[in-house]
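Hi,

Here is the structure I said I would pass on. Have a look at it first, then read my notes below.

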Amino acid sequence: ENLLVPMHFSDGARFWGRHSAMRQVVRICSNLEELSSSQTERIRIDVMARNPFAFAVQCLRSDVVIVDNDANRLFLAAVLRLLLNFRLISVDLIIRRPEGAIGRLIAKFKGVLLLPVDAFILYFRNSSGFERYFRIGRDRIVYVPFKVNGWDTPFWPKDPPSGDYVLCAGRTMRDLKTFVRAMELTGLPAVLLQQPKEIMRQHGTAMWEEALPPSVEVKIHDGEFPTFLNAIAAARIVVIPRFRRDICATGISTYLVAMAMGKAVIISSGPGAEGVLRDEAVFVEPENVSELAGAISRLWHDDAERERLGANAKRYAATLRDTARLNDDIIRESLRRLPSQVDVKFAGPG
């Protein structure tokens, strides 16, 4: 006998899944520990085991397996997906554009390994790199907006000042050379907020160790999130300089924090930029020193334009809300991939 099973989410959305009388609970296994906030009587969320054997047992018992930003675990789950009956969802997969013949061959091999993945949830719309280099079809790609990190924490800066420097922060795939050269042209005060060298290298950014223009200062991030928030709060403009070859949405978490504080943001065009934002940020050509310098100078001196941009950005960031909203969206899109006999339907806002 089939039953209609209600599933409630924090934003008031209501889901109905059709399950057998013997199994009225949808079991989800994920390394996204924050998903537990969306657990209900009808949705059980288990934290993914680190041990491969224990993880395989979890997959056997799960309806849905959600892997967040862990390529190795995703590849293992894809192999298990060939043997077991669960739905496999990838969230925020970070993959790099392949370089050279060997790189392209490896990318094709990875694309084959990822064939069992039912859906790739990304925080950006422009997935052309995934499609071109890894043969991940658009029918398996789902866009979900990211959240504002720190939005719901007690150390979120209250009433941040207008700011007195240009900030480049973040550790993933930042084109620091273009930023430093652009700041040299402007002569304006700037801060490079960097984490330790090894951490930067792991995330595709070479720590700046060369001479700097007199107006540019390097600050080493102590690893504490309030330090990151305070650096953005004290900035007048936040810049996300990216590489032309980047096929992922580098800088989203940084620019959303800046936007939520009403800061003017300049970002290099690419995934996660003009495909997601409109008049909430200024877009510049990647690796273009003169264009970036011009955009920085214009916003620095034009108070009205900077304030208008910041207001648009703050309104946009407010619509994205916090972790609970993101978790609900991830679960919602994951449940859509359940088999037809489950018959997931939506009876509320989604």
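Let me start with D46, which counts as buried because its relative accessibility is 15% (buried means under 20% relative accessible area, exposed over 50%, partly exposed in between, with a 1.4 Å probe and protein chains only). D46 forms a salt bridge with R27, and their closest N and O atoms are 2.9 Å apart. By salt bridge I mean a side-chain nitrogen of Lys or Arg within 4 Å of a carboxyl oxygen of Asp or Glu. This pair ties together distant parts of the chain: D46 sits in strand β4 (residues 43-47) and R27 in strand β3 (residues 26-30), 19 residues apart. R27, at 22% relative accessibility, counts as partly exposed.

A word on what you are looking at: this is a predicted model, in which local features need pLDDT of at least 70 and side-chain atom pairs count only at pLDDT 80 or more, while totals for chains, interfaces and linings use all residues. Residues are numbered from 1 along each chain as its sequence is written, and side-chain values use heavy atoms, with hydrogens and water left out.

Back to the salt bridges, of which the structure holds 13. Another one pairs E131 with R138, with the closest N and O atoms 3.1 Å apart. E131 is partly exposed at 22% relative accessibility, whereas R138 is exposed, with a relative accessible area of 57%. R244 and E287 also meet through their side chains, at 3.6 Å from N to O. That pair again links distant parts of the chain, 43 residues apart: R244 is in the loop between β12 (237-240) and α8 (252-260), and E287 is in the loop between β14 (282-284) and α9 (289-301). Both ends count as partly exposed, R244 at 46% relative accessibility and E287 at 36%. Salt bridges that share partners also join R27, R44 and D46 into one network.

Now the overall picture. The protein has 11 helices and 15 strands; these are DSSP runs numbered from the N terminus, with helices being H or I of at least four residues and strands being E of at least two. Of its 350 residues, 52% count as buried. The protein exposes about 16,300 Å², and carbon and sulfur atoms supply 51% of that (areas come from the Shrake-Rupley method with a 1.4 Å probe, and for residues only the protein chains shown count as cover). Among contacts with a separation of 6 or more, 67% are between residues 24 or more positions apart, where contact means heavy atoms within 4.5 Å.

L299, in helix α9, is worth a click. L299 is buried, with a relative accessible area of 0%. Leaving aside neighbours within four places in sequence, L299 is in contact with residues including I237, V282 and L309.

Which spaces are there to look into? The largest pocket has a volume of about 1,200 Å³. Of the 36 residues lining this pocket, N69, D92, R171, T172 and S253 are the closest to its centre. β10 (190-194), α7 (225-233), α8 and α11 (323-335) each supply at least two residues of the lining. By class, the pocket lining has 13 nonpolar, 16 polar and seven charged residues. Here Ala, Val, Leu, Ile, Met, Phe, Trp, Tyr, Cys and Pro count as nonpolar, Asp, Glu, Lys and Arg as charged, and the others, Gly among them, as polar.

For the terms: on a 1 Å grid over the protein atoms alone, a cavity is a set of points where a 1.4 Å probe fits but cannot get out, and a pocket is an open set with protein on both sides within 12 Å along at least five of seven lines; lining residues have an atom within 4 Å of a point. Grid points are joined across faces, edges and corners, and a volume is the space filled by probe spheres set on the points.

There are two cavities of 30 Å³ or more. The largest cavity has a volume of about 50 Å³, and β13 (264-268) gives the most to its lining, with three residues. The second largest cavity has a volume of about 40 Å³. Its lining has 10 nonpolar, no polar and no charged residues, and α8 gives the most to it, with three residues.

Cheers
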